[in-house]
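Reader: I am new to reading structures. Please take me through this one, and tell me what each label rests on.

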Amino acid sequence: MAGPCELKRQRRSWAEPYKIKVVEPLKMTSRSQRERAMVEAGFNTFLLNSEDVYIDLLTDSGTSAMSDRQWAGMMMGDEAYAGSRNFHCLDKAVKDFYGYRHLIPTHQGRGAEHILSQLVIKPGDVVPGNMYFTTTRFHQEHAGGRFVDIIIDEAHDPTAAHPFKGNIDLEKLRRVIDEHGAEKIPYVCLHTTVNMGGGQPVSMANIREVSGICREHGIRIFLDATRAVENAYFIKTREPGYENRSVAEILHETCSYTDGCTMSGKKDCLVNIGGFLAVNDDGIADAARNMCVVYEGLHTYGGMAGRDMQAMAIGIEESVESDHVRARIGQVEYLGEQLMEAGVPVMRPIGGHGVFVDAAAFLPHVPADQFRAQALAAALYVDSGVRAMERGAVSAGRDLDTGENRIPKLELVRLTIPRRVYTQAHMDVTAESIIDLWQKRSQVRGLKFTYEPDQLRFFRARFEPVGADKVLDDGCGCAASQSEACAASRVS
Ligand code: F0G
(Lines give C-alpha, C1' and ligand atoms only; values in the text may rest on other atoms or scores of the structure.)
Protein backbone atom coordinates (compact mmCIF):
# COMPACT_ATOMS: atom_id res chain seq x y z
CA MET A 1 0.00 0.00 0.00
CA ALA A 2 1.28 3.43 -0.89
CA GLY A 3 1.60 5.84 2.08
CA PRO A 4 0.03 9.33 1.95
CA CYS A 5 3.33 10.90 0.83
CA GLU A 6 3.65 8.48 -2.03
CA LEU A 7 0.05 9.04 -3.13
CA LYS A 8 0.66 12.78 -3.15
CA ARG A 9 3.73 12.29 -5.33
CA GLN A 10 1.80 10.13 -7.77
CA ARG A 11 -1.03 12.65 -7.97
CA ARG A 12 1.40 15.49 -8.62
CA SER A 13 2.75 13.64 -11.61
CA TRP A 14 -0.51 13.90 -13.50
CA ALA A 15 -2.80 16.54 -12.00
CA GLU A 16 -4.72 18.51 -14.63
CA PRO A 17 -2.51 21.06 -16.44
CA TYR A 18 -5.37 23.56 -16.69
CA LYS A 19 -7.89 25.37 -14.51
CA ILE A 20 -11.62 25.77 -15.06
CA LYS A 21 -12.87 29.06 -16.52
CA VAL A 22 -16.45 28.23 -17.56
CA VAL A 23 -18.77 25.62 -16.06
CA GLU A 24 -21.80 23.84 -17.49
CA PRO A 25 -24.27 22.89 -14.73
CA LEU A 26 -25.48 19.28 -14.70
CA LYS A 27 -29.00 18.14 -13.93
CA MET A 28 -29.47 15.68 -11.07
CA THR A 29 -32.17 13.07 -11.63
CA SER A 30 -33.96 10.65 -9.34
CA ARG A 31 -33.95 6.89 -9.69
CA SER A 32 -37.57 6.82 -10.87
CA GLN A 33 -36.89 9.51 -13.49
CA ARG A 34 -33.98 7.48 -14.80
CA GLU A 35 -36.03 4.27 -14.90
CA ARG A 36 -38.61 6.09 -17.02
CA ALA A 37 -35.96 7.62 -19.27
CA MET A 38 -34.38 4.21 -19.83
CA VAL A 39 -37.70 2.66 -20.90
CA GLU A 40 -38.32 5.60 -23.27
CA ALA A 41 -34.82 5.12 -24.70
CA GLY A 42 -35.51 1.43 -25.42
CA PHE A 43 -32.67 0.44 -23.04
CA ASN A 44 -30.17 1.98 -25.44
CA THR A 45 -27.95 4.67 -23.91
CA PHE A 46 -27.57 6.29 -27.37
CA LEU A 47 -31.28 7.13 -27.27
CA LEU A 48 -31.23 8.99 -23.93
CA ASN A 49 -31.52 12.76 -23.92
CA SER A 50 -28.24 14.14 -22.69
CA GLU A 51 -29.99 16.46 -20.23
CA ASP A 52 -31.13 13.32 -18.37
CA VAL A 53 -27.51 12.20 -17.99
CA TYR A 54 -25.40 13.10 -14.98
CA ILE A 55 -21.90 11.97 -16.01
CA ASP A 56 -21.67 11.32 -19.73
CA LEU A 57 -19.13 8.63 -20.51
CA LEU A 58 -20.84 7.53 -23.73
CA THR A 59 -17.91 8.62 -25.83
CA ASP A 60 -14.76 10.69 -26.01
CA SER A 61 -15.84 11.75 -29.50
CA GLY A 62 -16.56 15.44 -29.95
CA THR A 63 -16.99 15.79 -26.19
CA SER A 64 -13.69 17.48 -25.30
CA ALA A 65 -13.50 20.87 -23.61
CA MET A 66 -11.72 23.35 -25.85
CA SER A 67 -9.04 25.65 -24.46
CA ASP A 68 -9.28 29.44 -24.31
CA ARG A 69 -6.80 29.51 -27.24
CA GLN A 70 -9.10 27.30 -29.28
CA TRP A 71 -12.12 29.49 -28.47
CA ALA A 72 -10.09 32.53 -29.47
CA GLY A 73 -9.27 30.67 -32.70
CA MET A 74 -13.00 30.19 -33.29
CA MET A 75 -13.31 33.98 -33.45
CA MET A 76 -10.69 34.00 -36.18
CA GLY A 77 -12.84 31.90 -38.50
CA ASP A 78 -12.44 32.93 -42.12
CA GLU A 79 -15.76 31.73 -43.47
CA ALA A 80 -14.85 32.07 -47.13
CA TYR A 81 -16.21 29.33 -49.37
CA ALA A 82 -12.80 28.72 -50.91
CA GLY A 83 -9.20 28.94 -49.75
CA SER A 84 -9.96 29.97 -46.16
CA ARG A 85 -6.97 31.07 -44.07
CA ASN A 86 -7.96 28.46 -41.49
CA PHE A 87 -7.55 25.67 -44.03
CA HIS A 88 -3.91 26.67 -44.44
CA CYS A 89 -3.39 26.66 -40.65
CA LEU A 90 -4.87 23.16 -40.45
CA ASP A 91 -2.84 22.01 -43.44
CA LYS A 92 0.33 23.22 -41.72
CA ALA A 93 -0.57 21.56 -38.40
CA VAL A 94 -1.24 18.22 -40.09
CA LYS A 95 2.02 18.45 -42.07
CA ASP A 96 4.03 19.49 -39.00
CA PHE A 97 2.66 16.93 -36.56
CA TYR A 98 1.46 14.00 -38.70
CA GLY A 99 3.87 14.54 -41.59
CA TYR A 100 1.65 13.65 -44.56
CA ARG A 101 1.90 15.66 -47.78
CA HIS A 102 -1.78 16.17 -48.66
CA LEU A 103 -4.71 17.11 -46.44
CA ILE A 104 -8.33 16.52 -47.44
CA PRO A 105 -10.61 17.88 -44.71
CA THR A 106 -13.86 16.00 -43.95
CA HIS A 107 -16.84 16.57 -41.69
CA GLN A 108 -15.61 13.80 -39.36
CA GLY A 109 -13.74 10.49 -39.41
CA ARG A 110 -16.28 8.44 -41.30
CA GLY A 111 -16.25 10.98 -44.13
CA ALA A 112 -12.55 10.20 -44.60
CA GLU A 113 -13.22 6.45 -44.32
CA HIS A 114 -15.88 6.73 -47.01
CA ILE A 115 -13.58 8.54 -49.44
CA LEU A 116 -10.60 6.24 -48.85
CA SER A 117 -12.67 3.04 -49.08
CA GLN A 118 -14.42 4.08 -52.30
CA LEU A 119 -11.11 5.06 -53.88
CA VAL A 120 -8.93 2.09 -53.12
CA ILE A 121 -11.18 -0.94 -52.36
CA LYS A 122 -12.60 -3.06 -55.21
CA PRO A 123 -15.33 -5.69 -54.82
CA GLY A 124 -13.72 -8.94 -53.64
CA ASP A 125 -10.81 -7.21 -51.90
CA VAL A 126 -9.68 -8.07 -48.40
CA VAL A 127 -8.67 -5.44 -45.82
CA PRO A 128 -6.64 -6.82 -42.90
CA GLY A 129 -6.63 -4.76 -39.73
CA ASN A 130 -6.01 -4.85 -35.98
CA MET A 131 -9.62 -5.40 -34.91
CA TYR A 132 -12.60 -3.81 -36.60
CA PHE A 133 -14.06 -0.43 -35.87
CA THR A 134 -17.78 -0.08 -36.61
CA THR A 135 -17.79 2.76 -39.16
CA THR A 136 -14.44 1.76 -40.68
CA ARG A 137 -15.61 -1.79 -41.35
CA PHE A 138 -18.94 -0.53 -42.65
CA HIS A 139 -17.22 1.61 -45.30
CA GLN A 140 -14.82 -1.19 -46.22
CA GLU A 141 -17.74 -3.59 -46.72
CA HIS A 142 -19.85 -0.95 -48.46
CA ALA A 143 -17.07 -0.60 -51.05
CA GLY A 144 -17.19 -4.40 -51.65
CA GLY A 145 -14.29 -5.36 -49.41
CA ARG A 146 -14.08 -7.75 -46.51
CA PHE A 147 -12.39 -6.99 -43.22
CA VAL A 148 -10.05 -9.65 -41.76
CA ASP A 149 -8.95 -9.36 -38.14
CA ILE A 150 -5.20 -9.89 -37.73
CA ILE A 151 -4.73 -8.53 -34.22
CA ILE A 152 -2.70 -10.65 -31.75
CA ASP A 153 -4.75 -13.27 -29.83
CA GLU A 154 -4.07 -11.55 -26.48
CA ALA A 155 -6.26 -8.64 -27.65
CA HIS A 156 -9.34 -10.85 -27.30
CA ASP A 157 -8.52 -11.85 -23.72
CA PRO A 158 -9.57 -9.17 -21.19
CA THR A 159 -7.14 -10.52 -18.59
CA ALA A 160 -3.96 -10.74 -20.70
CA ALA A 161 -1.41 -8.17 -19.48
CA HIS A 162 0.42 -7.58 -22.79
CA PRO A 163 1.64 -3.93 -22.89
CA PHE A 164 0.80 -3.59 -26.60
CA LYS A 165 -2.40 -5.54 -27.00
CA GLY A 166 -3.21 -3.63 -30.18
CA ASN A 167 -0.29 -5.19 -32.08
CA ILE A 168 -0.78 -6.89 -35.41
CA ASP A 169 0.09 -10.59 -35.47
CA LEU A 170 2.76 -10.74 -38.18
CA GLU A 171 2.06 -14.41 -38.92
CA LYS A 172 -1.64 -13.68 -39.42
CA LEU A 173 -0.68 -10.84 -41.78
CA ARG A 174 1.61 -13.12 -43.80
CA ARG A 175 -1.10 -15.80 -43.95
CA VAL A 176 -3.69 -13.33 -45.32
CA ILE A 177 -1.17 -12.22 -47.98
CA ASP A 178 -0.37 -15.84 -48.94
CA GLU A 179 -4.03 -16.82 -49.04
CA HIS A 180 -5.44 -13.88 -51.02
CA GLY A 181 -2.41 -12.43 -52.81
CA ALA A 182 -1.12 -8.88 -52.39
CA GLU A 183 -3.18 -7.66 -55.38
CA LYS A 184 -6.40 -8.38 -53.43
CA ILE A 185 -5.23 -6.32 -50.44
CA PRO A 186 -5.69 -2.59 -51.14
CA TYR A 187 -4.19 -1.67 -47.78
CA VAL A 188 -3.62 -2.76 -44.21
CA CYS A 189 -5.75 -0.78 -41.79
CA LEU A 190 -3.75 0.05 -38.67
CA HIS A 191 -5.67 1.42 -35.68
CA THR A 192 -3.75 3.33 -33.01
CA THR A 193 -5.00 2.82 -30.31
CA VAL A 194 -7.50 -0.02 -30.81
CA ASN A 195 -10.88 1.31 -29.77
CA MET A 196 -12.91 -1.93 -29.76
CA GLY A 197 -10.11 -3.75 -27.94
CA GLY A 198 -10.17 -1.40 -24.96
CA GLY A 199 -8.06 1.49 -26.23
CA GLN A 200 -4.96 -0.73 -26.36
CA PRO A 201 -1.80 0.57 -28.03
CA VAL A 202 0.43 -0.72 -30.84
CA SER A 203 4.20 -0.69 -30.33
CA MET A 204 6.55 1.15 -32.67
CA ALA A 205 8.46 -2.10 -33.24
CA ASN A 206 5.24 -3.70 -34.47
CA ILE A 207 4.37 -0.76 -36.72
CA ARG A 208 7.87 -0.90 -38.22
CA GLU A 209 7.64 -4.63 -38.84
CA VAL A 210 4.17 -4.42 -40.38
CA SER A 211 5.42 -1.62 -42.60
CA GLY A 212 8.39 -3.78 -43.68
CA ILE A 213 6.13 -6.68 -44.66
CA CYS A 214 3.76 -4.36 -46.53
CA ARG A 215 6.62 -2.67 -48.43
CA GLU A 216 7.99 -6.08 -49.39
CA HIS A 217 4.64 -6.97 -51.01
CA GLY A 218 3.76 -3.53 -52.38
CA ILE A 219 0.78 -3.17 -50.02
CA ARG A 220 -0.14 0.24 -48.59
CA ILE A 221 -0.78 0.93 -44.90
CA PHE A 222 -3.34 3.47 -43.82
CA LEU A 223 -3.39 4.53 -40.22
CA ASP A 224 -6.56 5.20 -38.29
CA ALA A 225 -4.90 8.08 -36.46
CA THR A 226 -7.93 8.94 -34.34
CA ARG A 227 -6.06 8.26 -31.07
CA ALA A 228 -2.48 8.08 -32.38
CA VAL A 229 -1.35 10.71 -29.85
CA GLU A 230 -2.52 8.52 -26.98
CA ASN A 231 -0.79 5.59 -28.67
CA ALA A 232 2.42 7.66 -28.82
CA TYR A 233 2.20 8.29 -25.07
CA PHE A 234 1.97 4.55 -24.40
CA ILE A 235 5.02 3.99 -26.61
CA LYS A 236 6.89 6.66 -24.62
CA THR A 237 6.00 5.10 -21.28
CA ARG A 238 6.16 1.39 -22.21
CA GLU A 239 8.58 0.83 -25.09
CA PRO A 240 12.30 0.77 -24.30
CA GLY A 241 14.22 3.39 -26.26
CA TYR A 242 11.36 5.90 -26.42
CA GLU A 243 11.37 7.23 -22.86
CA ASN A 244 13.30 10.36 -23.83
CA ARG A 245 11.48 11.05 -27.08
CA SER A 246 8.63 13.56 -27.11
CA VAL A 247 5.05 12.52 -27.87
CA ALA A 248 5.25 14.73 -30.98
CA GLU A 249 8.36 12.93 -32.24
CA ILE A 250 6.81 9.52 -31.62
CA LEU A 251 3.63 10.56 -33.43
CA HIS A 252 5.66 11.72 -36.41
CA GLU A 253 7.64 8.49 -36.51
CA THR A 254 4.42 6.42 -36.30
CA CYS A 255 2.98 8.19 -39.34
CA SER A 256 6.25 7.91 -41.26
CA TYR A 257 5.73 4.13 -41.61
CA THR A 258 2.34 4.61 -43.27
CA ASP A 259 0.97 5.98 -46.55
CA GLY A 260 -1.71 8.15 -45.03
CA CYS A 261 -4.38 8.27 -42.39
CA THR A 262 -8.06 8.69 -41.73
CA MET A 263 -8.74 10.90 -38.75
CA SER A 264 -11.68 11.64 -36.53
CA GLY A 265 -10.57 15.02 -35.19
CA LYS A 266 -13.22 14.68 -32.49
CA LYS A 267 -10.87 12.69 -30.25
CA ASP A 268 -7.12 13.46 -30.02
CA CYS A 269 -7.49 16.81 -31.82
CA LEU A 270 -9.63 18.22 -28.98
CA VAL A 271 -12.50 19.56 -31.09
CA ASN A 272 -16.23 18.96 -31.20
CA ILE A 273 -16.47 18.26 -34.93
CA GLY A 274 -14.22 17.59 -37.91
CA GLY A 275 -11.85 15.08 -39.44
CA PHE A 276 -9.54 14.53 -42.35
CA LEU A 277 -7.92 12.18 -44.79
CA ALA A 278 -4.20 12.76 -45.21
CA VAL A 279 -2.09 10.95 -47.81
CA ASN A 280 1.32 11.08 -49.43
CA ASP A 281 0.34 9.82 -52.89
CA ASP A 282 -0.44 12.63 -55.39
CA GLY A 283 -2.88 10.50 -57.39
CA ILE A 284 -4.91 9.38 -54.37
CA ALA A 285 -4.93 12.98 -53.09
CA ASP A 286 -6.29 14.26 -56.39
CA ALA A 287 -9.01 11.59 -56.59
CA ALA A 288 -9.88 12.18 -52.92
CA ARG A 289 -10.31 15.91 -53.54
CA ASN A 290 -12.75 15.07 -56.34
CA MET A 291 -14.75 12.89 -53.97
CA CYS A 292 -14.52 15.51 -51.26
CA VAL A 293 -16.22 18.15 -53.41
CA VAL A 294 -19.07 15.72 -54.12
CA TYR A 295 -19.69 14.28 -50.65
CA GLU A 296 -18.17 16.63 -48.06
CA GLY A 297 -17.74 20.18 -49.35
CA LEU A 298 -15.10 22.11 -51.27
CA HIS A 299 -11.65 20.52 -50.84
CA THR A 300 -10.52 23.45 -48.67
CA TYR A 301 -13.22 22.96 -46.04
CA GLY A 302 -14.65 19.44 -46.44
CA GLY A 303 -17.73 20.02 -44.32
CA MET A 304 -16.09 22.10 -41.60
CA ALA A 305 -16.58 25.79 -40.97
CA GLY A 306 -13.42 27.92 -41.08
CA ARG A 307 -13.59 28.30 -37.30
CA ASP A 308 -13.75 24.52 -36.85
CA MET A 309 -10.54 24.13 -38.85
CA GLN A 310 -8.83 26.79 -36.75
CA ALA A 311 -9.87 25.11 -33.50
CA MET A 312 -8.57 21.81 -34.84
CA ALA A 313 -5.23 23.28 -35.89
CA ILE A 314 -4.72 24.63 -32.36
CA GLY A 315 -6.08 21.43 -30.81
CA ILE A 316 -3.49 19.36 -32.70
CA GLU A 317 -0.70 21.47 -31.20
CA GLU A 318 -2.15 21.18 -27.69
CA SER A 319 -2.79 17.45 -28.03
CA VAL A 320 0.88 16.50 -28.21
CA GLU A 321 1.92 18.50 -25.14
CA SER A 322 3.19 15.88 -22.74
CA ASP A 323 1.47 17.40 -19.66
CA HIS A 324 -1.85 17.14 -21.45
CA VAL A 325 -1.51 13.49 -22.48
CA ARG A 326 -0.11 12.44 -19.13
CA ALA A 327 -3.05 13.96 -17.25
CA ARG A 328 -5.56 12.60 -19.75
CA ILE A 329 -4.33 9.03 -19.52
CA GLY A 330 -3.68 9.45 -15.77
CA GLN A 331 -7.36 10.23 -15.22
CA VAL A 332 -8.46 7.15 -17.15
CA GLU A 333 -6.06 5.02 -15.11
CA TYR A 334 -7.34 6.55 -11.88
CA LEU A 335 -10.86 5.31 -12.60
CA GLY A 336 -9.60 1.93 -13.82
CA GLU A 337 -7.49 1.36 -10.73
CA GLN A 338 -10.41 2.02 -8.38
CA LEU A 339 -12.46 -0.62 -10.19
CA MET A 340 -9.62 -3.13 -10.25
CA GLU A 341 -8.99 -2.66 -6.52
CA ALA A 342 -12.65 -3.50 -5.85
CA GLY A 343 -12.38 -6.68 -7.94
CA VAL A 344 -14.58 -5.44 -10.81
CA PRO A 345 -13.58 -7.29 -14.00
CA VAL A 346 -12.13 -4.75 -16.42
CA MET A 347 -10.08 -5.00 -19.59
CA ARG A 348 -6.38 -4.96 -18.67
CA PRO A 349 -4.18 -3.04 -19.00
CA ILE A 350 -6.31 0.12 -18.71
CA GLY A 351 -6.54 1.70 -22.17
CA GLY A 352 -6.08 5.23 -23.41
CA HIS A 353 -9.55 6.68 -23.77
CA GLY A 354 -11.63 4.73 -21.33
CA VAL A 355 -12.10 1.92 -18.89
CA PHE A 356 -13.75 -1.12 -20.45
CA VAL A 357 -15.75 -3.27 -18.04
CA ASP A 358 -15.86 -6.97 -18.94
CA ALA A 359 -19.63 -7.49 -19.02
CA ALA A 360 -19.31 -11.22 -19.73
CA ALA A 361 -17.43 -11.72 -16.45
CA PHE A 362 -19.63 -9.17 -14.65
CA LEU A 363 -22.92 -10.87 -15.58
CA PRO A 364 -22.18 -14.61 -15.91
CA HIS A 365 -25.86 -15.38 -15.18
CA VAL A 366 -27.02 -13.53 -18.34
CA PRO A 367 -26.79 -15.64 -21.55
CA ALA A 368 -24.50 -14.32 -24.33
CA ASP A 369 -27.44 -13.74 -26.68
CA GLN A 370 -29.09 -11.41 -24.15
CA PHE A 371 -26.61 -8.60 -24.78
CA ARG A 372 -24.81 -8.46 -21.45
CA ALA A 373 -22.91 -5.23 -22.11
CA GLN A 374 -26.05 -3.47 -23.34
CA ALA A 375 -27.84 -4.61 -20.17
CA LEU A 376 -25.01 -3.51 -17.88
CA ALA A 377 -24.82 -0.06 -19.51
CA ALA A 378 -28.59 0.33 -19.03
CA ALA A 379 -28.37 -0.78 -15.38
CA LEU A 380 -25.52 1.66 -14.71
CA TYR A 381 -27.58 4.56 -16.01
CA VAL A 382 -30.56 3.55 -13.84
CA ASP A 383 -28.30 3.24 -10.79
CA SER A 384 -26.50 6.59 -10.99
CA GLY A 385 -27.16 8.53 -14.20
CA VAL A 386 -23.73 7.61 -15.60
CA ARG A 387 -24.02 6.97 -19.33
CA ALA A 388 -21.69 4.36 -20.85
CA MET A 389 -21.64 2.54 -24.19
CA GLU A 390 -22.00 -1.07 -25.23
CA ARG A 391 -19.02 -2.46 -27.18
CA GLY A 392 -19.93 -6.10 -27.67
CA ALA A 393 -22.45 -8.22 -29.55
CA VAL A 394 -24.80 -5.37 -30.45
CA SER A 395 -21.94 -3.33 -31.94
CA ALA A 396 -20.55 -6.41 -33.73
CA GLY A 397 -23.74 -6.75 -35.83
CA ARG A 398 -24.59 -9.72 -38.03
CA ASP A 399 -22.38 -11.96 -40.14
CA LEU A 400 -22.53 -10.91 -43.83
CA ASP A 401 -22.96 -14.49 -45.10
CA THR A 402 -25.09 -16.22 -42.47
CA GLY A 403 -27.05 -13.25 -41.11
CA GLU A 404 -26.44 -14.63 -37.61
CA ASN A 405 -25.50 -12.35 -34.71
CA ARG A 406 -21.72 -12.15 -34.40
CA ILE A 407 -20.75 -13.07 -30.85
CA PRO A 408 -17.40 -11.33 -30.27
CA LYS A 409 -15.00 -12.61 -27.62
CA LEU A 410 -15.05 -9.18 -26.01
CA GLU A 411 -18.34 -8.11 -24.44
CA LEU A 412 -17.49 -4.74 -22.96
CA VAL A 413 -19.09 -1.67 -21.43
CA ARG A 414 -16.99 1.35 -22.31
CA LEU A 415 -16.65 4.14 -19.75
CA THR A 416 -15.18 6.67 -22.14
CA ILE A 417 -13.58 9.72 -20.60
CA PRO A 418 -14.02 13.02 -22.48
CA ARG A 419 -10.81 15.08 -22.55
CA ARG A 420 -10.48 17.94 -20.03
CA VAL A 421 -14.16 17.72 -18.98
CA TYR A 422 -14.70 15.80 -15.74
CA THR A 423 -13.03 15.99 -12.33
CA GLN A 424 -11.67 13.28 -10.08
CA ALA A 425 -14.87 13.50 -8.01
CA HIS A 426 -16.84 12.51 -11.12
CA MET A 427 -14.52 9.53 -11.50
CA ASP A 428 -15.14 8.63 -7.83
CA VAL A 429 -18.94 8.74 -8.25
CA THR A 430 -18.68 6.56 -11.36
CA ALA A 431 -16.49 4.04 -9.56
CA GLU A 432 -18.85 3.94 -6.56
CA SER A 433 -21.84 3.20 -8.76
CA ILE A 434 -20.09 0.43 -10.67
CA ILE A 435 -18.76 -1.15 -7.48
CA ASP A 436 -22.27 -0.99 -6.03
CA LEU A 437 -23.66 -2.68 -9.14
CA TRP A 438 -20.92 -5.31 -8.94
CA GLN A 439 -22.14 -6.16 -5.46
CA LYS A 440 -25.73 -6.60 -6.66
CA ARG A 441 -24.91 -7.93 -10.12
CA SER A 442 -27.32 -10.88 -9.86
CA GLN A 443 -30.17 -8.36 -10.11
CA VAL A 444 -29.25 -7.24 -13.63
CA ARG A 445 -31.46 -8.77 -16.38
CA GLY A 446 -30.62 -9.54 -20.01
CA LEU A 447 -32.21 -7.74 -22.98
CA LYS A 448 -33.81 -8.66 -26.31
CA PHE A 449 -34.36 -6.56 -29.44
CA THR A 450 -37.68 -4.85 -30.07
CA TYR A 451 -36.24 -2.94 -33.06
CA GLU A 452 -33.07 -3.73 -34.98
CA PRO A 453 -31.84 -1.29 -37.67
CA ASP A 454 -30.07 -2.73 -40.74
CA GLN A 455 -26.83 -0.74 -40.52
CA LEU A 456 -24.67 0.14 -37.49
CA ARG A 457 -27.50 -1.16 -35.35
CA PHE A 458 -26.07 -0.16 -31.97
CA PHE A 459 -26.83 3.51 -32.59
CA ARG A 460 -30.62 3.20 -32.88
CA ALA A 461 -31.63 -0.30 -31.71
CA ARG A 462 -34.35 -0.70 -29.06
CA PHE A 463 -34.62 -3.43 -26.44
CA GLU A 464 -36.70 -4.73 -23.55
CA PRO A 465 -35.65 -6.77 -20.51
CA VAL A 466 -36.09 -10.54 -20.81
CA GLY A 467 -38.76 -11.85 -18.43
CA ALA A 468 -39.01 -8.65 -16.32
CA ASP A 469 -39.97 -4.99 -16.72
CA LYS A 470 -36.73 -3.66 -15.28
CA VAL A 471 -33.14 -4.13 -16.31
CA LEU A 472 -32.02 -3.63 -12.69
CA ASP A 473 -34.36 -4.99 -10.08
CA ASP A 474 -32.70 -4.31 -6.76
CA GLY A 475 -35.81 -3.32 -4.85
CA CYS A 476 -34.96 0.41 -4.92
CA GLY A 477 -37.73 1.26 -7.35
CA CYS A 478 -40.55 -0.29 -5.28
CA ALA A 479 -41.99 3.00 -3.96
CA ALA A 480 -41.35 6.32 -5.65
CA SER A 481 -40.53 8.23 -2.46
CA GLN A 482 -38.12 5.57 -1.24
CA SER A 483 -36.50 5.45 -4.64
CA GLU A 484 -35.94 9.23 -4.73
CA ALA A 485 -34.30 9.10 -1.30
CA CYS A 486 -32.15 6.24 -2.43
CA ALA A 487 -31.08 8.04 -5.61
CA ALA A 488 -30.40 11.25 -3.74
CA SER A 489 -28.09 9.49 -1.34
CA ARG A 490 -26.16 8.00 -4.22
CA VAL A 491 -26.00 10.79 -6.74
CA SER A 492 -25.99 14.07 -4.89
N1 F0G B 1 -12.08 5.37 -36.09
C2 F0G B 1 -12.10 5.20 -34.76
C3 F0G B 1 -11.01 4.39 -34.12
C4 F0G B 1 -13.13 5.75 -34.00
O5 F0G B 1 -13.13 5.56 -32.68
C6 F0G B 1 -14.14 6.49 -34.64
C7 F0G B 1 -15.26 7.04 -33.89
C8 F0G B 1 -14.08 6.65 -36.03
C9 F0G B 1 -13.03 6.08 -36.72
C10 F0G B 1 -15.14 7.40 -36.79
O11 F0G B 1 -15.00 8.75 -36.59
O12 F0G B 1 -17.12 9.39 -35.40
O13 F0G B 1 -15.61 11.11 -36.43
O14 F0G B 1 -16.98 9.62 -37.85
N15 F0G B 1 -15.52 6.71 -32.72
C16 F0G B 1 -16.57 7.23 -31.87
C17 F0G B 1 -16.60 6.44 -30.60
C18 F0G B 1 -17.90 7.35 -32.51
O19 F0G B 1 -17.46 6.74 -29.76
O20 F0G B 1 -15.76 5.56 -30.39
P21 F0G B 1 -16.27 9.76 -36.57
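Author: Start with a definition. Rings of Phe, Tyr and Trp (its six-membered ring) pair if their centres lie within 6.5 Å; planes under 30 degrees apart count as stacked, over 60 as edge-to-face and the rest as tilted. A search of the whole structure finds ten aromatic pairs. The model is predicted: local features need pLDDT of at least 70, side-chain atom pairs count only at pLDDT 80 or more, and totals for chains, interfaces and linings use all residues. Residues are numbered from 1 along each chain as its sequence is written, and side-chain values use heavy atoms, with hydrogens and water left out.

Reader: What makes Tyr98 and Phe276 an aromatic pair, and which kind is it?

Author: Their centres are 6.0 Å apart, with 75° between the planes. The limit for the centres is 6.5 Å, and edge-to-face needs over 60 degrees, so the pair is edge-to-face. Tyr98 sits in the loop between helix 4 (85–97) and strand 2 (102–106), while Phe276 is in strand 8 (residues 275–279). They are 178 residues apart, so the pair links distant parts of the chain.

Reader: Which label does Ala161 get, and why?

Author: Ala161 is at 65% relative accessibility, so it counts as exposed. It is found in the loop between strand 4 (146–149) and helix 7 (170–180).

Reader: And why is Leu456 given its label?

Author: Its relative accessible area is 25%, so Leu456 is partly exposed. It has a phi near 40°, a positive value in a residue other than glycine. Most residues other than glycine have a negative phi, and most peptide bonds are trans.

Reader: Where is there a cis peptide bond?

Author: One runs from Thr192 to Thr193, with omega near -20°. Another runs from Arg348 to Pro349, with omega near -15°.

Reader: How are helix 2 and helix 15 arranged, and how do you know?

Author: Helices (H or I, at least four residues) and strands (E, at least two) are DSSP runs, numbered from the N terminus. Axes are lines fitted to C-alpha atoms, for helices over the stretch in contact, and angles run from 0 to 180 degrees between N-to-C directions. Helix 2 (residues 31–40) and helix 15 (residues 372–384) pack at about 150°, with axes 7 Å apart. That makes helix 2 roughly antiparallel to helix 15. The cut-offs are under 35 degrees for roughly parallel, over 145 for roughly antiparallel, 65 to 115 for roughly perpendicular, and oblique for the rest.

Notes:
Buried < 20%, exposed > 50% of the residue type's maximum accessible area, 1.4 Å probe, protein only.
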